[in-house]
Amino acid sequence: MKAMELDPELGPIMEDIKKNGMEAAMKHLQNEELMLKFSQKMGGLPAELQPMLKKIDEASLTLHEAAKNGDLKAVQDFLSK
């Protein structure tokens, strides 16, 4: 955390969150590019997890998602349950 506080780009964000609390944190949370920078500073995502997460992300978790994504097999699986 100290490294992020000293970082020229992330330091002001950390200071804003310390000063303004949850409201500032929620504001910054919406900035995906900023969140990726925080993630990278904290070590990022291990490479071996990326394929697994991609598979989870692509999977239809509900009947509605399966239909919306045109995943006929998943729709059939949901309807057969």
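**Salt bridges in a predicted model**

In this predicted model, the side chains of K73 and D77 meet in a salt bridge, with a distance of 3.1 Å from N to O. Side chains of opposite charge can pair when their charged atoms come close.

- K73 and D77 both belong to helix 6, which covers residues 72–80, and they stand four residues apart, about one turn of the helix.
- K73 counts as exposed, because its relative accessibility of 56% lies over the 50% cut-off, whereas D77, at 35% relative accessibility, counts as partly exposed.

**The pair in helix 3**
- E33 and K37 also meet through their side chains in a salt bridge, here at 3.6 Å from N to O, and both lie in helix 3 (residues 32–41), four residues apart, about one turn of the helix.
- E33 counts as exposed at 55% relative accessibility, while K37, at 24%, counts as partly exposed.

- The side chains of K18 and E5 form a salt bridge of 2.9 Å, N to O.
- K18 is exposed, with a relative accessible area of 54%, whereas E5 counts as partly exposed at 26% relative accessibility.

Note on methods
Residues numbered from 1 in each chain as written. Predicted model: local features only at pLDDT ≥ 70, side-chain atom pairs only at ≥ 80, totals over all residues. Heavy atoms only, no water. Salt bridge = Lys/Arg side-chain N within 4 Å of Asp/Glu carboxyl O. Buried < 20%, exposed > 50% of the residue type's maximum accessible area, 1.4 Å probe, protein only. Helix = DSSP H or I, 4+ residues; strand = E, 2+ residues; numbered from the N terminus.
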